[in-house]
Amino acid sequence: MLCYRCFYSSPNYSLIPSPTISNKNKNLLFKTFPFLSSQKPNFTSSLYCSHPLSQIMDLDNKKDQESRSLFDFLSQKAYTPPSWASLLNPIPSHIFSLGHLPTPIHKWNLPNLPTNTEVYLKRDDLSGMQLSGNKVRKLEFLMADAVAQGADCIITIGGIQSNHCRATAVAAKYLNLDCYVILRTSKVVVDKDPGLTGNLLVERLVGANVQLISKEEYAQIGSVNLTNDLKEKLVKEGRKPYVIPVGGSNSLGTWGYIEAIREIEQQVQATTGRIKFDDIVVACGSGGTIAGLSLGSWLGTLKAKVHAFAVCDDPDYFYNFVQELIDGLKAGVDSHDIVNIQNAKGLGYAINTSEELKFVKEIATATGVVLDPVYSGKAAYGMMKDMAENPKNWEGRKVLFIHTGGLLGLFDKVDQMSSLVENWGRMEVQESVPRKDGIGKMF
């Protein structure tokens, strides 16, 4: 087998040891970091070196989350935490495989970056289609707990275009559980059919029981009381409901992004030291994702500084809430020491300025990456604004931006974005082009 150093110094980077990387795993490096694919080696021979065992790259024997086989999907398995998280308590006993992991990382060629700043993108928007985004990682642990407790249905709650509620509805149906989603909406439409836009279409297609509550009632009663009220009703009917909080954000759900840090560590390790992230940037909507990322980065080997852009509430609220989550794991750390939280809510949760939507359009046009307008769109907008205002803080740094998904939320912004995407027109066909009836097959 070869160590990392010899792996890269092998002749022409083309003779890679078959004991080191099997046919099953040979594309791991290039699935993880697609931008390396131009240097993709030929796996044609076996080479050896005498360097220490600690340097040996033995991907076949590493029991990690990156080598999920086809039949692992939707399976339940015993969970073993990263060694650096083994002192947290409680540790989940099981996990359901719900996401298509690991999600890839690639360089993100954003315009107008500070000098020598590099931004990479962690594509958690590619963790699935129906069941996509950052919520999948939390649900892997939460759904395992629901099944362990003998639940026959799931209750959760969120906004009318909640990505979390959609993901939960899909995950529940995958596991043959009913799902009840309480969705917050305007009092003007709370008594009307909510329609089939975006996340609502998927929720209703998979048979979720949708219950609407006005924003005013939600503010007076709160998510905990609302879910508990529905739980009591279902218990009286003989059901066994399991309640998942807003965004799947509790101490158990936090493990989803503790585990994501292990995944990122393994992906960084696969680059043999060519990539080391100084910063992690992510949107913050309910707190669980940033709790897991910041705690994992602090405990593990990554040691990247986590920057969270809050798309609702304010930084003080999230510092306190993250503290509650990590205290629930007996982490013994102050949230202010492990994450920097900035306000990026703008006009309010799920409300966008024309400038924010224009930014989403411009980034899609420039890089091919489509950001959702509620979470990653606002976070990326906030990051780029901070880079422009404080370039010295970012110069020369390698930044990993976590794309948390939410593409379906764009469909709720069609009217606002229509003026930004007017690049269409009827095709003008030259008269010299021959014409004949029936020549064009319309499949």
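The crossing of helices H3 and H4 is right-handed, a term used when the near helix is turned clockwise from the far one by less than a right angle, the anticlockwise case being left-handed. The model is a predicted one, in which local features need pLDDT of at least 70 and side-chain atom pairs count only at pLDDT 80 or more, while totals for chains, interfaces and linings use all residues. Residues are numbered from 1 along each chain as its sequence is written, and side-chain values use heavy atoms, with hydrogens and water left out.

The axes of H3 and H4 (residues 163-174) come within 10 Å and cross at roughly 45 degrees; axes are lines fitted to C-alpha atoms, for helices over the stretch in contact, and angles run from 0 to 180 degrees between N-to-C directions. H3 is therefore oblique to H4, given that angles under 35 degrees count as roughly parallel, over 145 as roughly antiparallel, 65 to 115 as roughly perpendicular and the rest as oblique. Lys-135, Leu-139 and Met-143 of H3 meet residues of H4 including Asn-163, His-164 and Ala-167, contact being defined as heavy atoms within 4.5 Å.

The protein contains 14 helices and twelve strands, taken as DSSP runs (helices H or I, at least four residues; strands E, at least two) numbered from the N terminus. Four strands form an open, parallel sheet in the order E7-E6-E5-E8, where pairing requires at least two DSSP bridges between two strands. Strands E7 (209-214) and E8 (241-243) stand at the edges with a single partner strand each, so one side of each has no neighbour in the sheet. From one strand to the next, the twist averages 25 degrees. E6 (residues 178-185) pairs with E7 over six bridges in the parallel sense, and Ile-182 has Gln-211 in E7 as its bridge partner. Helix H7 (residues 223-236) packs on this sheet, touching E5 (153-159), E6, E7 and E8, and its direction makes about 150 degrees with that of E5.

Asp-125 lies in the loop between strand E4 (118-123) and helix H3 (135-148). Its relative accessible area is 16% and Asp-125 is therefore buried (under 20%; exposed is over 50%, partly exposed in between; 1.4 Å probe, protein chains only). The side chains of Asp-125 and Arg-123 are joined by a polar contact of 2.9 Å, that is, a pair of N or O atoms within 3.5 Å, one able to donate a hydrogen and the other to accept it within protein, where residues adjacent in sequence count only if both atoms are side-chain atoms. Leaving aside residues up to four places away in sequence, Asp-125 touches Ser-132, Gly-133, His-403 and Gly-405.
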